[in-house]
Amino acid sequence: MSYKAKFKIWRGDDQTGELHDYLIEVNEGEVVLDIIHRLQATHAPDLAVRWNCKAGKCGSCSAEINGRPKLLCMTRMSTFTEDEVITVTPLRAFPVIRDLVTDVSFNYKKAREIPSFTPPPGLGPGEYRMKQVDVERSQEFRKCIECFLCQDTCHVIRDHEENKESFAGPRFLMRIAELEMHPLDSADRVREAQDEHGLGYCNITKCCTEVCPEGIKITDNALIPMKERVADRKYDPIVWLGSKLFKREKA
Amino acid sequence: MSQVERHSYDVVVVGAGGAGLRAVIEARQRGLRVAVVCKSLFGKAHTVMAEGGCAASMGNANSNDNWQVHFRDTMRGGKFLNNWRMAELHAREAPDRVWELETYGALFDRTEDGRISQRNFGGHTYPRLAHVGDRTGLELIRTMQQKIVSLQQEDFAETGDYEARIKVFAEVTITELVKDDGRIAGAFGYYRETGRFVLFEAPAVVLATGGIGKSFKVTSNSWEYTGDGHALAMRAGATLINMEFVQFHPTGMVWPPSVKGILVTEGVRGDGGVLKNSEGKRFMFEYVPEVFKGQYAETEEEADRWYTDQENNRRTPDLLPRDEVARAINSEVKAGRGSPHGGVYLDIASRLPAEEIKKRLPSMYHQFKELADVDITAEPMEVGPTCHYVMGGIEVDPDTAAASVPGLFAAGECSGGMHGSNRLGGNSLSDLLVFGRRAGLGAASYVESLESRPTVSQSDVDAAAEMALSPFDPPAEGVEENPYTLQNELQQSMNDLVGIIRKSEEIERALEKLAEIRSRIRNVTVEGHRQFNPGWHLAIDLRNMLMVSECVARAALIRTESRGGHTRDDHPGLDAQWRNKLLVCSAKDDDPVVPGVEVTPKEQLPMRQDLIELFELPELEKYYTEDELGSHPGRTA
Ligand code: SF4
Ligand code: SF4
Ligand code: FES
């Protein structure tokens with residue numbers, strides 16, 4: 001069942017680097033991360049890669065495989081032919097630290113700029129009552145494992161370093177949507193989404209949705225509804241307020 | 001000497017899983033300055049892997065539930081070896097800790113009337129686990145991560161600095177605790193990214209580093225689980241208890257080989273999934289042990305009725321505590337009734353409509369589809385035991401989470417006592433909330449009570465730096481050892497010789513192997529430089545893995561009975577004489593590489609009278625010695 005696969009793996013640091021060729025054994029049922037681990041244990045003990053769970057749950061092992069943002073632990077070798085050359089490179093939108101490891105601190109900075117959940121006044125712990133249908137919309141977004149593949153793929157920042165300052169990226173625009181759709185949150189982030197977090201940059205190409213390993217409909221369920229809220233707000237604040245109060249009908 | 005970056009904090013929390021984050025929140029709310037040190041990126045800790053839920057007797061699904069019932073279930077699950085005070089605090093406080101998470105923004109699944117929904121799990125009398133589909137751990141960690149961000153935002157509003165009171169040091173590994181005159185003075189470590197050293201000067205350290213699963217070949221645990229907190233504590237002079245009790249989760253994936261060990265949530269069985277052997281038989285009915293007789297359904301019909309009518313039926317034996325189920329699977333496979341890849345079948349496909357499965361168990365559906373090409377709505381899963389959790393850990397004071405070394409605290413999986421010989425599913429997420437908070441409080445009170453701050457001596461820092469760098473120097477004599485090879489040998493022998501079923505000759509062989517690894521570990525040599533070098537990181541972690549493996553093996557050899565997560569083929573029965581005995585592990589020398597381990601038995605305090613009266617005498621008689629039960633009202637009456 002096993003064969004030798006041809007890999008090209010980017011190795012280097014923040015200054016320089018290049019693709020290295022490796023010929024590595026592959027066995028039945030393996031994923032790309034297994035091959036990287038085999039390489040560490042045999043040819044390249046200092047090959048840097050992030051990973052934790054090896055089950056698609058922690059979002060640590062993000063990289064690009066043949067130019068596509070992917071989780072290394074969820075990409076099965078059986079999706080490639082045996083003579084295909086598999087190229088593994090670090091996420092392009094973030095600065096390289098070493099080999100496949102990038103500096104993703106941008107994301108943690110953006111996370112910190114979004115106003116947090118604001119508890120409803122007058123409700124104590126244990127008094128929260130919410131309907132399942134009402135929590136489901138935000139729950140979809142809370143499936144996010146923070147792999148940042150959507151951030152990596154979004155063209156607004158992928159090749160435009162200059163936009164990073166004013167654009168939170170799909171993951172954190174979705175976080176705003178999540179809080180806005182939380183049945184008991186009492187803050188308002190709509191105007192900020194547009195003015196400070198760059199919702200307007202998004203032209204709904206849906207590339208983020210396509211790469212999301214959790215299958216979250218980022219564009220359709222988070223970004224477009226947020227854009228609608230912004231548009232409604234601009235048009236008529238009273239209508240917007242109504243739509244927030246009676247959002248179930250709208251959903 | 002090497003450059004060392006220095007920081008000064010009131011409290012350093014090592015580990016950013018659930019217990020660590022909850023400790024941070026508490027200490028910060030007491031006004032202290034806190035550093036959080038995590039081995040991975042922030043929000044990636046192993047807690048994200050917890051699937052099923054968080055046990056708390058809120059009584060939303062069945063109003064008969066209360067803390068006493070939860071306490072009883074926990075003590076039964078642990079075969080009455082638990083630290084009863086911890087089990088009591090845990091059962092009493094868990095509901096408040098869960099409700100509190102809602103005020104941080106958590107969104108649990110709901111009941112019809114809008115409360116937090118609760119699901120069934122092995123060993124819990126009533127549906128008790130607050131959950132979010134099968135990704136409850138992710139919800140907990142994200143919620144607390146976001147709570148910490150919100151506290152940082154408050155600090156920013158007040159001081160203009162997000163990191164005025166809480167700073168996260170991501171991808172930093174602590175290699176040594178530093179003391180001053182017997183008290184904790186700080187923690188020393190390195191940045192994975194650069195390999196540069198960092199010293200945290202702090203009078204209090206909370207260890208929340210999780211478990212030791214990486215010492216075993218087949219495990220559901222991530223690479224981080226190398227027993228760091230356990231080993232750091234021992235090297236600092238603290239003690240570990242219950243290390244012989246290791247939980248093998250009954251249902252890990254068995255195929256393909258590269259994912260062997262990855263967890264299949266107990267929620268599958270809680271929601272109706274059943275275990276079957278290769279003959280299609282639901283074999284768990286044959287494996288209800290004496291102590292649980294009468295508490296579980298005896299026919300398939302009764303078991304199936306139980307899912308909808310819990311008042312009039314008993315639960316399915318598929319939901320026995322984990323140790324029982326793991327042993328049963330092991331026996332079926334040994335008897336030749338296993339599945340093609342050496343497990344048994346877990347069938348939910350024939351029990352629930354496809355849509356319902358996808359809705360209740362989305363990540364399991366996804367996991368099998370992506371990793372094994374198996375559609376769990378159409379065919380059964382193949383599952384087998386995997387090393388999942390260590391009941392043993394740092395011996396702490398139940399109320400304050402303080403270890404025996406002043407200034408040292410521990411919570412979550414790296415602490416010991418709470419779960420006795422076996423942990424119930426769902427009790428770890430609640431454990432880390434309850435005791436994470438208590439550790440944060442304990443550390444805060446300790447710091448506030450200090451009259452003078454300890455100081456770190458330069459010679460300790462130099463020694464720690466030298467130790468950490470030693471794998472870069474080729475050995476003066478003997479062959480260079482590869483850390484990956486040693487790790488592999490260690491995992492294989494622990495798995496084969498101190499695994500789910502143990503016997504004395506095998507444990508002795510494991511100890512010989514560990515002694516050999518101990519002599520070879522000094523020659524571990526790594527290539528490359530200090531920047532993000534996984535070979536070097538492993539060389540450092542390996543010392544911890546070896547030390548905790550020795551604790552497990554030594555304690556396992558001494559305990560000549562079978563109980564919970566410790567099964568001796570040569571001593572198959574529960575022995576009441578052992579129930580009250582703890583095996584305490586401590587470092588017996590100060591070998592800087594890996595100190596030797598010494599194990600001494602010790603008696604636990606007898607359970608408080610009002611708690612022991614929560615149990616009926618006939619049940620206690622199955623576990624206790626005659627002498628111990630003299631004062632029970634059932635006996636005196
Ligand atoms: S839909 Fe918007 S956020 Fe998503 S990739 Fe396209 S531009 Fe970026
Ligand atoms: S939204 Fe999806 S792609 Fe983006 S970070 Fe979250 S899980 Fe990853
Ligand atoms: S290692 Fe966790 S998502 Fe890949």
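These legends describe close-up views of a predicted model.

Residues are numbered from 1 along each chain as its sequence is written, and chains are lettered from A and ligands numbered from 1 in the order of writing. In this predicted model local features need pLDDT of at least 70, side-chain atom pairs count only at pLDDT 80 or more, and totals for chains, interfaces and linings use all residues, while side-chain values use heavy atoms, without hydrogens and water.

**View 1. Chain A meets chain B.**
The contact (heavy atoms within 4.5 Å) takes 61 residues from chain A and 66 residues from chain B. The two chains bury about 5200 Å² between them, with 52% of it on carbon and sulfur atoms. Buried area is the accessible area (1.4 Å probe) that two parts lose on being put together, summed over both. Lys57(A), Arg112(A) and Arg142(A) supply 16% of the area that chain A buries against chain B, more than any other three residues.

Side chains of opposite charge can pair when their charged atoms come close. The rule finds 6 salt bridges across the interface of chain A and chain B. A salt bridge is a side-chain nitrogen of Lys or Arg within 4 Å of a carboxyl oxygen of Asp or Glu. Glu146(A) forms one with Arg142(B), and the closest N and O atoms are 3.9 Å apart.

**View 2. The side of chain A that touches chain B.**
Elements giving two or more residues to this side include helix H1 (32-41), strand E6 (96-98) and helix H3 (132-142) of chain A. Helices (H or I, at least four residues) and strands (E, at least two) are DSSP runs, numbered from the N terminus. H3(A) gives the largest share, 6 residues. By class, this side of chain A has 30 nonpolar, 11 polar and 20 charged residues. Ala, Val, Leu, Ile, Met, Phe, Trp, Tyr, Cys and Pro count as nonpolar, Asp, Glu, Lys and Arg as charged, and the others, Gly among them, as polar.

**View 3. The shell around ligand 1.**
Residues around ligand 1 (a heavy atom within 4 Å) include Cys154(A), Cys202(A), Ile204(A), Cys207(A) and Cys208(A). Helix H8 (207-211) and helix H9 (218-235) of chain A each supply at least two residues of this shell. The shell divides into 7 nonpolar, 4 polar and 1 charged. Ile204(A) has a positive phi of about 40 degrees, although it is not a glycine. Ile204(A) sits in the loop between helix H7 (190-195) and H8 of chain A.

**View 4. The shell around ligand 2.**
Among the residues around ligand 2 are Cys144(A), Glu146(A), Cys147(A), Cys150(A), Arg171(A) and Cys212(A). This shell has 9 nonpolar, no polar and 2 charged residues.

**View 5. A salt bridge between two strands of chain A.**
Asp21(A) forms a salt bridge with Lys8(A), with the closest N and O atoms 2.7 Å apart. Asp21(A) lies in strand E2 (residues 17-26) and Lys8(A) in strand E1 (residues 3-12) of chain A, so the pair ties together parts that are 13 residues apart in sequence.

**View 6. A cis peptide bond in chain B.**
A cis peptide bond joins Trp255(B) and Pro256(B), and omega is about -5 degrees. Pro256(B) is in the loop between strand E13 (246-253) and helix H6 (267-270) of chain B.
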